[in-house]
Amino acid sequence: MRIISGCRKGHKLKAPEGLDTRPTTDRVKESIFNLIQFCRPEVVLDLFAGSGALGIEALSRGAERAVLIDSDRKAIALIQENLKDARLDTLAAVRMTDALSYLDTCGQDFDLIFLDPPYNKGWISPVLEKIAKRGILRPEGVIVCETEAGGEPIPETEYKLRKSVKYGKTIITILQG
């Protein structure tokens, strides 16, 4: 796993051990950023961050700030290590909490939100509802949802479906405010 583009292009990222976290592959990550190349985010939120690969990629590509959220202590340590090794730690805030709790207390808004929860655990609908209710996606902002093909569907929301693409067993859905 590596940073695909930007100021830290080629930098290797550490992936979590075991099967509890499913890192986004380099191929899918590159496809995500190709799909959202119209978006020039200043502030990024990476929910269910895992290794931090998506938020770190956004920082490498020019995002000014990122908030990375995960509820697992080992994931948080790995995110912090990856940010420090990539020399992007001063641009990021890392929080150990679950996504819904973070969204309940979030006091800022975002240009880009990555939503990559554990597959088929019922997170997509409540998180999208909370994002909309709290109004944290800036106008014309983008939400990138990663789900499993044949798994939990993306519900109808107030956000415009911009694109949905399948990559093997992964579906990437792009929503826009």
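In helix H5, residues 124–134, the buried positions are Ile124, Val127, Leu128, Lys130 and Ile131. They span an arc of only 160 degrees around the axis, which places them on the same side of H5. That arc is taken from the directions from the helix axis to the C-beta atoms. Buried here is under 20% relative accessible area, exposed is over 50%, and partly exposed is in between, with a 1.4 Å probe and protein chains only. Helices (H or I, at least four residues) and strands (E, at least two) are DSSP runs, numbered from the N terminus.

This is a predicted model: local features need pLDDT of at least 70, side-chain atom pairs count only at pLDDT 80 or more, and totals for chains, interfaces and linings use all residues. Residues are numbered from 1 along each chain as its sequence is written, and side-chain values use heavy atoms, leaving out hydrogens and water.

Back to H5. Glu129 and Lys133, on its other side, are exposed. The buried residues of H5 pack against E1, helix H4 (99–105), E4, strand E5 (137–148) and strand E7 (170–176), contact being heavy atoms within 4.5 Å. Just after the helix, Gly135 has a positive phi of about 65 degrees.

Now E1, residues 43–47. 5 of its 5 residues are buried, so the strand is largely enclosed by the rest of the structure. Val43, Leu45 and Leu47 lie on one side, Val44 and Asp46 on the other.

What does E1 pair with over 4 bridges in the parallel sense? Strand E2, residues 65–70, where pairing requires at least two DSSP bridges between two strands. Asp46 stands opposite Leu68 in E2. E1 is also joined by 4 bridges to strand E4, residues 110–115, again running parallel; there, Leu45 faces Ile113.
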